Amino acid sequence: MKAVITVTGKDTVGIIADVAAVCAKYRANILDITQSVLSEYFAMIMLADIDALDVEFADFADALTKLGEGKGLMIHAMHEDIFNTMHHI
């Protein structure tokens, strides 16, 4: 299974490292990343393999959200099943 992780907010040093650290802590393997800085704003989409998570997905998503709150970012983790269902016609 995979998760789509999005991060938006004001650009600062270490955003990717901080998100990657949470992924590593809970054993989510980063498969792909795209990021861009538009003026002073940061936007990233990350695809992570969550088969080896050592916590429930909701707890992983909450940890990312909490990281974002502490850094002034919006971080959302969406399970692949939800993402696929939302975008299926």
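Is Asp-18 buried, partly exposed or exposed, and what is its relative accessibility? At 24% relative accessibility, Asp-18 counts as partly exposed, because the buried class ends under 20%. Keep in mind that this is a predicted model.

**Salt bridges**

- Searching the whole structure turns up two salt bridges.
- One of them joins Asp-18 to Lys-71, with the closest N and O atoms 3.1 Å apart. This pair links distant parts of the chain, since Asp-18 sits in helix 1 and Lys-71 in helix 2, 53 residues apart.
- Lys-10 belongs to strand 1 and Glu-40 to the loop between strand 2 and strand 3, so the pair ties together parts that are 30 residues apart in sequence.
- Lys-10 is partly exposed, with a relative accessible area of 49%, and Glu-40 is partly exposed at 32% relative accessibility.

**Strands around strand 3**

- Strand 3 pairs with strand 1 in the antiparallel sense over nine bridges. Within this pairing, Lys-2 has Asp-49 of strand 3 as its bridge partner.
- Strand 2, residues 29–38, also pairs with strand 3 in the antiparallel sense, over nine bridges. Here the bridge partner of Ile-30 is Ala-48.
- The hairpin of strand 2 and strand 3 has two residues between the strands, and Ser-39 takes a positive phi near 60 degrees there.
- The side chains of strand 3 alternate.

**The largest nonpolar core**

- This core has 24 residues, and those with the most contacts inside it are Ile-5, Val-7, Val-19, Phe-57, Phe-60, Leu-64 and Ile-75.
- Two or more core residues come from each of strand 1 (2–10), helix 1 (15–25), strand 3 (41–49), helix 2 (57–71) and strand 4 (73–79). Helix 2 gives the most, with six residues.
- Leaving aside residues up to four places away in sequence, Phe-57 touches Ala-3, Ile-50, Ala-77, Met-78 and His-79.

Terms used. Residues are numbered from 1 along each chain as its sequence is written. This is a predicted model: local features need pLDDT of at least 70, side-chain atom pairs count only at pLDDT 80 or more; totals for chains, interfaces and linings use all residues. Side-chain values use heavy atoms; hydrogens and water are left out. A nonpolar core is a set of buried Ala, Val, Leu, Ile, Met, Phe, Trp, Tyr and Cys residues joined through side-chain atoms within 4.5 Å. Buried means under 20% relative accessible area, exposed over 50%, partly exposed in between (1.4 Å probe, protein chains only). Helices (H or I, at least four residues) and strands (E, at least two) are DSSP runs, numbered from the N terminus. Contact means heavy atoms within 4.5 Å. Two strands pair if DSSP finds at least two bridges between them. A salt bridge is a side-chain nitrogen of Lys or Arg within 4 Å of a carboxyl oxygen of Asp or Glu.
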